[in-house]
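Subject: Handover of a structure for your review

Dear colleague,

Please find below the structure that I am handing over to you. I would be grateful if you could read the notes after it with the structure open.

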Amino acid sequence: MKENKSRKKLAAGLIIVIIAVGTAAVKIGAFLPTIGDADTPANSYVANYYITNAVKETHSYNIVTAVLADYRGFDTLFETCVLFLSALVTMMVLFGKEKVPKMPVKNLAEDKYSAAFGGDIMDASFRIVVPIILIYGIYVLFHGEISLGGGFQAGALIACAYLLDRIIPSIRMGRGKIKEETALIIASMGAFFYVITGILPMFNGGNFLEFAKLPFGSSLAAESIVKLHTAGILMIEVGVTVCVMGVIIAILEVVLERTDFDE
Amino acid sequence: MSELIEKLEFFLADRGIYMLTLILFAVAVYGMIACGNYMKKLMCMNMMQVSIIFFFLTFGQKNGGTLPVAIDEVLSAEAYINPLPHALMLTAIVVSLGTTGVGLALLMRIKDIYGTIEEDRITGDGGKKQ
Amino acid sequence: MITESLRPALAVGTALLAALLILLFGNRIKPNLREAITLTAAAIMAGLIFSMVPEVLKGNVLISNLWTIADGLSLKLKTDGAGMVFACVAGGLWILTSIYSIGYVRGHHEKNQTGYFAAFAVCLASAIGIALSANLITFFIFYEMLTLATYPLVVHYRDEKAKFSGRKYLAYTLVSGQLFFVAIVFVYVKYGTCEFTPGGFIEPGSMGSGIMCILFFMMTIGGLVKAGVMPLHGWLPSAMVAPTPVSALLHAVAVVKAGVFCLLRVVCYVFGPESAYWCSGSTILCWLAAITVLLSSLVAMRQDNLKARLAFSTIGQLSYIVLGISLLSAYSIAGALFHIVAHAFLKITLFMCAGAIFVTTGLSEISAMRGLSKRMPVTCACFTAASLGIAGLPLMAGFVSKFNILEGALIMGKPFFMVVLVAAALLALTYLIPVVQIFFGRENSAATLNESHGHGGRAGIDAAPAMLIPLVITAVIAIILGCIPNAGLHLYDMAIMAAEEITGGGGVYLAK
Amino acid sequence: MNQIADHLPVLVILLPLCGTLLCPIISHFNINAGKRTVITALFLSIVCAVLQLIQVITTGEAIHYWLGGWAPPIGIEFVIDGLNGVVILLVAIISFTTALYSSPFEKLERIDRIHSAGYYSMLAFLSVGLLGLSSTGDAFNLYVFMEITAISGYGLIAVGEDKGPIASFRYLMTGTIGACMYLLGIGFLYAATGTLNMADLADRLTGLMDSPLIVMSAACLIVGFGIKMALFPLHGWQPAAHSYAHPAADPMIAGIMIKIPAYAMLRFFFCIFDEQSHVMQLFFNAIGVMAVIGILFGSLKALRYDTYNKILAYSSIGQVGYIAMGFAIGNFYGIIGAILHIVSHAFMKAGLFYTSGALKYKYGIHDINELGQVYRKMPVTSLTMVICALSMIGLPPFAGFFSKWYLALGAIEKGNYFYVAVLILSSLLGAIYFFRIMEKLFMGEKTAREKELPEKSRFELPWQMLLPLLTVVAAVILLGLFNAYIVNGVLKTTIWEVVLT
């Protein structure tokens, strides 16, 4: 019965593979654009506009960041929301739900020196690593528009610092833990900050996320518009960073709650 | 032998990578259907998403193009590879991350409830029929 | 002359509003108040309908063009001769059946009275809507409303038997309704209109005769099922499990009459006599009706249950109307229309009698009713009069209509159908007169003497006034209409008017 | 914000978005305030949706909203025309009523702060995703919204009944395949044209319709949208997901989550691709076959079950087939039928799931055999059930009848009588399983029930639950009676100008 079922699945899978590979092999040469050709529609139409105008219009040297945060900033807003949402769903699914213990859990607090991770050397070294990671994270955040980097990476790095702080020290010196709910609130605040950045131009006669109309510029010279774009991109990157950080911490805490490393 | 490799290289550089990505896609879908273990299914799902990302990135490629980070105001279109697929795929990566995260959380919950993540054992004991 | 008027819409609206009020407050207010709503609505509706009769007789058409119900089609009600005949019957009989119902359900201590009266009101509203609708989509909406509103009445007792007959009823009506629906859409796409036109809007030869014949039967099947024409009559006898007033309503006023009316609209106002004849649909219909008339009479003779016997009698009498319509002559159509009236009054009298007998004595089998006339003289007298009327004796309402249909068959040169008609009239005598004989038979069976019988049995002479008065009134009206067909509402004139409209005023439609 | 009217398209989405993001923060201080924030935001979203629809109708032309102020092929735009104006309003209404409907459940389950806030956040996110799906004019943005919808859907299904997580996981697997197929389809389109804006895509695709790229793309899109809307061979996830989702969120999941992808499919196949081309005709035929089999399969399968939710779920598979059939018919009336069915079926199915939730709430009823005599205690619920069921069968004068009317009109106009036969067959099958439920409800024996809430108030249910029920009843009746006003006033011009060009 069981074998029969899996064989059926196998057959179905094979059919899919055959069809997909077959079509791919037969047809692929003909209709997809040649890789590396600069004249394909994909590489020439809108893409060229971004390359030629991004620096002029958004003052962001990293064109991908310009596309991501400015031209298609609306996508990124919801990308951030997806992350927030995944943290939310993880929390809804796992938080507060009793884990069914399979074996008696060892009481870690009593057993002072046998914590799974850590040990003295790690305790010492992570103190050096964490500040570096934090600084690097902030660097990545602010440097995102000139070079590679951006809010997502920065958020991940900062959360990484927290992660080290959370899991490396042995239990006895475990320091302040950010509660799951707090982390979620931080994440939602980050995303909300993004939304606020988008809403601000609406008070100044602009559209949603129209950074050129951010109500900060005192003069309306062309230069200041470009600066406004910079400010806008920076603000949303900050929002993204905070959100990503919150999301990772929230997921981490929810999972940690249910994990014992002895297993 | 070297001739063969050269041919292969040419083929891959021309259009072959599409084929590889699509094969990856097909293998992933096959895995999602055929694997009985939910964790493996999830990994196949991730593979599938990655294959799509590769697919997008391949046609954003330009011969002789560099990273789309403007250098010294060089703004001719040929100099940089297409930034749009990269931007789109950043979004897609994050989305796939979110999906995978949710999937993992669900798996943990399923493990709690059923004590297993093998499909046969879950559907076997009355999972499917009401 | 065509005038916009809200009166047709108001007539339908009153009944719907009554239904809504009953449904909303029925369980909160006293039963008397609830019944007052029914009666008030019935009176208002009857008043509205009767007030339109003079206009129609003058040749005016009142149109309520309510609103666009679907792209290019509006919810439209209008008064014409044929519709007004049916509307007058349904509206007039609502008052009587309501009074009777009140007597019946109270005498019989029925459950779910609120739902019962609400569904009753919706039924009547849809019947009036069917009578007055001016195009096919309006017609279909009310037609399906009637189907749905009748269902709760059929399953009123909510036991296994009721469930079964409810299912049977739904199976017949919903399937036919869906076919009717497709046919309507087809006609709309093909001819671009859904308006009822006297004489029809489908030209003969506008499509192949085979296809047109199929279309003809898809359109008429709705009517055929509701009218219980023979291969499709199965639901009708089993729907007898419902309370008697419901049977009266089903058989005399709303449902089956809506069925024949549907046939009339389709044959005469959509296809028109020419097309109906051209695609040979009407000929097949004639034969179906003739077979039904004869067979149902034969089956009726074998029934011992009074209501079942009456049910088969209904099937037969309705096929009379169907035959009248499908003979396609002005006389027969007028006769058919008037038979709607005549049969309504006669059959409702019969059913009310059956109900009164059941509530008063608890009897439903004919064989047990020996000597009932001593116990219920008035009821039995009315039953006798109505039976004679059904058989088509002169000076009764049934005679006028049957005579017209016969004349139509004669003019159309179809002597076979004349024979069928006469034979059927005689058969009607054979299955109803024995009942009368039993009623007036000499020896008394034990059950009838039992004074207060069973549940709700009532001591004293004859049935409760609430039941007795309506059935006397209907019987009297049936006799009056037989003597003076035009008495009161000029129903006969309107029937003739409608028939002339359909056949183009020539009196006779000549088959080409 | 000097001119709120200019920002209506984005406000419709922003309000729920702000609500959902603020909900966890506010809930931290006051649990009820967080909930109320979401409900208020969703209500304001309805107001905006109404205003924007009025604006579209009065000006007679589509609203284009450029996000970030960038002109379309460069940036993302929202396009609101008569068509999606209606769909957006539908989503907004059902989201609001569902949010309102959820609050009594929360008291019942006595859940903690995080779960309460999270639930409302997810609900509002679902609404945001669906609103975005229907208003966006950018193909990739549509993907992002699709994923927002999907992930919040996974969450709402997972927090449902005991089998929720497994149903949710399966949906996650299938849904992700769907999203990836969609992305692949867009990839082909982008490779062919170099743009992602829908209007621009339509322009640049003229003359390209026979290219294999477009064929591949259309095939991928059919699979992608097919999975999301649970079209027949791709429906595997749907019955479990709809049966085990959170009972309060189920109306939204079952009511609109499978309809909006159908709408997006319409956008792609009629507005972007050239529906007259030979290739597309073949695809429409394929969709037609899927629809026909789906309609019959769903209806037949629904006959087999006794679980109320399962019946409704399988019936949804059939009803989605109606919509797909409208696309397959592809002429004016077919499209009208499909869109009206999107709207009316959303209300009907939401209404039926509202009743299902109410039954679970009050008596813990899952099985239709336990329904006996419930109508005495829950008249409004029963009335809703009856009206929605009759509408589902397609009986006049309710909304379901008229979508069927237009579909039949379109099919006959095109000479496709087979579709008509399937339509009526499905109606009859629908009649069987819905009358079965109604028979149980009105004529069944009263059975022992899991639980029985003590009756505190005068009404059968808390007002938050009654209001959605009554809204649905009103919507089903009004949509039926006055459908011509929607068709003539809103949809007709849009369909002729945008869809069938």
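The notes below go through the chains, their contacts and some of their parts.

**Confidence**

Please bear in mind that this is a predicted model. For the complex, the predictor gives an ipTM of 0.88 and a pTM of 0.91. Chain D has an average pLDDT of 88, and 98% of its residues score at least 70. Among the elements of chain D, the highest mean pLDDT, 93, belongs to helix H5 (residues 139-158), whereas helix H15 (residues 374-377) has the lowest, 82.

**How the chains meet**

There are 4 pairs of chains in contact, and of these chains A and B share the most contacts. In that pair, 55 residues of chain A are in contact with 48 residues of chain B. On the chain B side, the elements that give two or more residues are helix H1 (2-34), helix H2 (38-59) and helix H3 (83-114) of chain B. H3(B) provides the largest share of this side, with 16 residues. By class, the side of chain B that touches chain A divides into 30 nonpolar, 10 polar and 8 charged residues.

Chains C and D also touch, through 21 residues from chain C and 24 residues from chain D. Three helices of chain D give two or more residues to its side of this contact: H17 (399-413), H18 (417-443) and H20 (483-499). The largest share of that side, 9 residues, is supplied by H18(D). The residues of chain D that touch chain C comprise 19 nonpolar, 3 polar and 2 charged.

Chain C does not touch chain A, and the nearest C-alpha atoms of these two chains are 38 Å apart. Chain C does not touch chain B either; here the nearest C-alpha atoms are 28 Å apart.

**Chain D as a whole**

Chain D contains 20 helices and 2 strands. Its C-alpha atoms fill a box of roughly 65 × 55 × 40 Å along the principal axes. A compact globule with 501 residues would have a radius of gyration near 23 Å, and the 21 Å of chain D agrees with this. Buried residues make up 71% of the 501 residues in chain D. Among the contacts in chain D with a separation of 6 or more, 80% are between residues 24 or more positions apart.

**Two details of chain D**

The first detail is a pair of helices. Two packed helices are described by the angle between their axes and the distance between the axes. Helix H7 (residues 198-205) of chain D packs against helix H11 (residues 260-272) of chain D at an angle of about 35°, and their axes are 9 Å apart. H7(D) contributes Met198(D), Leu201(D), Ala202(D) and Leu205(D) to this contact, while H11(D) contributes Arg267(D), Cys271(D) and Ile272(D). The contact of H7(D) with H11(D) has 6 nonpolar residues, 1 charged residue and no polar ones.

The second detail is a pair of strands. Strand E1 (residues 63-66) of chain D has Ile63(D) and Tyr65(D) on a covered face, and His64(D) and Trp66(D) on an uncovered one. E1(D) pairs with strand E2 (residues 77-80) of chain D in the antiparallel sense, over 4 bridges. Opposite His64(D) stands Val79(D) in E2(D).

**The sheet of chain C**

In chain C, 3 strands form an open sheet with mixed pairing, in the order E1-E2-E3. Strand E1 (2-4) and strand E3 (73-78) of chain C stand at the edges, each with a single partner strand, so one side of each has no neighbour in the sheet. On average, neighbouring strands of this sheet are turned by 40° against each other, direction ignored.

Strand E2 (residues 61-70) of chain C pairs with E3(C) in the antiparallel sense over 6 bridges. The bridge partner of Ile63(C) in E3(C) is Lys78(C). Helix H1 (residues 7-25) of chain C packs on the sheet, where it touches E2 and E3 of chain C, and its direction makes about 65° with that of E2(C). Helix H5 (residues 136-154) of chain C also packs on the sheet and touches E2 and E3 of chain C; the direction of H5 makes about 75° with that of E3(C).

With kind regards

Definitions and conventions. Residues numbered from 1 in each chain as written. Chains lettered and ligands numbered in written order. Predicted model: local features only at pLDDT ≥ 70, side-chain atom pairs only at ≥ 80, totals over all residues. Contact = placed C-beta atoms within 7 Å. Nonpolar A, V, L, I, M, F, W, Y, C, P; charged D, E, K, R; others polar. Axes fitted to C-alpha atoms, helices over the stretch in contact; angles between N-to-C directions. Rg over C-alpha atoms; globule rule 2.2 N^0.38 Å. Buried ≥ 20, exposed ≤ 12 C-beta atoms within 10 Å, placed from the backbone. Pairing = 2+ DSSP bridges. pLDDT = per-residue confidence, 0-100.
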